[in-house]
Amino acid sequence: MCEECGCGIPEESKVDASRHTEEVNIYKSLLSENEKEADENREHFFKHNVFAINLMGSPGAGKTALIEAISEKIKDNYKIAAIEGDLATERDALRLKKIGIESIQIMTGSTCHLDAKSVHKALHHLNLENIDILFVENVGNLVCPALYDLGCHINGVLLSVTEGSDKVAKYPVIFRKSNFLTITKTDLLPYVDFNIDQPKKESKLLKGDIRFFKLSSKNDEGVDEFISYILEKREEVFK
Amino acid sequence: MHEWSLALEIIKSAEKEAKERNAKSVSEIFLEIGVLNNIVVEQLKDSFEIAKRETMLNDSVLFVKEIEGVAFCNNCKKSFKITLPFIFCPRCTEVDVKIEKGDELNLTKMTLEF
Ligand SMILES: Nc1nc2c(ncn2[C@@H]2O[C@H](COP(=O)(O)OP(=O)(O)OP(=O)(O)O)[C@@H](O)[C@H]2O)c(=O)[nH]1
Ligand SMILES: [Mg+2]
Ligand SMILES: [Zn+2]
Ligand SMILES: [Zn+2]
Ligand SMILES: [Zn+2]
């Protein structure tokens, strides 16, 4: 306490009897709200037999192009729809509408990822009864989407050969949360130094059971294998 | 980048818990963060300082306990400490492992003002 001015002496006026402090134990996930919403999405998917795929990857990795390529091939046999996440514009949803795919654009503004709630809202604008396979194209980003469970049946990353083969270990979290890693734009392999074994090996070291694919939406190489994987997974879920 | 997203989640969760208990404000908040989330704690604290402004956490202090990564090898049937970034058994190099620790992103404790 300071003898001179008495600054250490509690002033009567400062003491408010109604004020008190309490320590409370909580122990809850910081993402528990998102997890609740993801469960709701799971319920919607289950109830309407919708197989949902969360497609993640950098901006320009070829997410929309792959949805287009897959849709062109199987849209006569399966009803396909898409939820498109981008910071701005409806461009991706319009691209898909152009080829007859029902799609909803989520514009996230400043948010760099989709969360379960934004997907849930979008679900209410889709006729789920009329959908077999739903693509949820996340915002182009290798970081934050990894934190948010959307309730999809499978989650995966597209990595294009122009991004470099060293990306897996640099962004470990997203690969650790993925069921598949798909290398895209393999038609460009002759023009870039991309060691395809590196992401294959490194993704296994992050998630032992990750599935690995390589394809080109442009020349169609590998697209059928990837489609088979999706259809197999769908069978597993809804058998 | 995901430090900022996480800082916003911290504010959201903490305000919800504080409101449910009719608190006026939060003075301390304690988290548990597993290393596998690749969160840079210093960066998270910086983001938090900005995100907390004009919320119930305006005057709060953030404490972070980091949890190391531990996984169980399904081959050796033994646990091992994970050395980032990769996750494999150091004894047998097996990747068929189960994460036991290191995934945490928890709000563990708060000091509330009434
Ligand atoms: N050569 C080649 N180009 C491709 C391939 N797939 C996509 N592209 C091109 O790559 C660019 C980006 O493709 P998008 O499908 O828009 O990528 P995206 O991941 O949806 O991008 P965002 O939604 O903006 O994150 C476009 O110019 C595509 O034409 C491919 O297999 N081969
Ligand atoms: Mg796109
Ligand atoms: Zn709903
Ligand atoms: Zn981000
Ligand atoms: Zn082992």
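1. Helices here are DSSP runs of at least four residues, numbered from the N terminus. On that basis A:Phe238 belongs to helix H8 of chain A, which covers residues 223-238. Keep in mind that this is a predicted model.

2. What does A:Phe238 touch, leaving aside its neighbours within four places in sequence? The partners are A:Phe45, A:Phe46, A:Asn49, A:Val50, A:Phe51 and A:His153. Take A:Phe51 as one of them. In sequence A:Phe51 and A:Phe238 are 187 residues apart. In space their C-alpha atoms are 8.3 Å apart.

3. H8(A) also meets helix H2 of chain A, residues 63-74. The two axes come within 11 Å and cross at roughly 80 degrees. Angles of 65 to 115 degrees count as roughly perpendicular, so H2(A) is roughly perpendicular to H8(A). From H2(A), the contact uses A:Leu66, A:Ile70, A:Lys73 and A:Ile74. From H8(A), A:Val223, A:Asp224, A:Phe226, A:Ile227 and A:Ile230 take part. By class, seven of the contact residues are nonpolar, two are charged and none is polar.

4. Next, the magnesium ion (ligand 2). Its coordinating atoms are OG1 of A:Thr64, OD of A:Asp92 and OE of A:Glu137, at 2.0 to 2.1 Å. Along the chain these donors are spaced T-x27-D-x44-E. A:Asp92 sits in helix H3 of chain A (residues 91-98). A:Glu137 sits in strand E5 of chain A (residues 133-137). This pair, 45 residues apart, links distant parts of the chain. Are A:Asp92 and A:Glu137 buried or exposed? Both are buried.

5. Chain B supplies the protein donors of the zinc ion (ligand 5). They are the SG atoms of B:Cys73, B:Cys76, B:Cys89 and B:Cys92, at 2.3 to 2.4 Å from the ion. The donor residues follow the spacing C-x2-C-x12-C-x2-C.

6. Why is the arrangement around the zinc ion (ligand 5) tetrahedral? Four donors count as tetrahedral if all angles lie between 85 and 135 degrees. The angles subtended by the four donor atoms are 104 to 114 degrees, so the arrangement is tetrahedral.

7. B:Cys73 and B:Cys89 are both buried.

Notes
Residues are numbered from 1 along each chain as its sequence is written. Chains are lettered from A and ligands numbered from 1 in the order in which they are written. This is a predicted model: local features need pLDDT of at least 70, side-chain atom pairs count only at pLDDT 80 or more; totals for chains, interfaces and linings use all residues. Side-chain values use heavy atoms; hydrogens and water are left out. Helices (H or I, at least four residues) and strands (E, at least two) are DSSP runs, numbered from the N terminus. Contact means heavy atoms within 4.5 Å. Axes are lines fitted to C-alpha atoms, for helices over the stretch in contact, and angles run from 0 to 180 degrees between N-to-C directions. Angles under 35 degrees count as roughly parallel, over 145 as roughly antiparallel, 65 to 115 as roughly perpendicular and the rest as oblique. Ala, Val, Leu, Ile, Met, Phe, Trp, Tyr, Cys and Pro count as nonpolar, Asp, Glu, Lys and Arg as charged, and the others, Gly among them, as polar. Donors are N, O and S atoms within 2.8 Å of the metal (3.2 Å for Na, K and Ca); water is not among the atoms, so sites may look incomplete. Four donors count as tetrahedral if all angles lie between 85 and 135 degrees; four count as square planar and six as octahedral if opposite donors are over 155 degrees apart and all others between 65 and 115; anything else is irregular. Buried means under 20% relative accessible area, exposed over 50%, partly exposed in between (1.4 Å probe, protein chains only).
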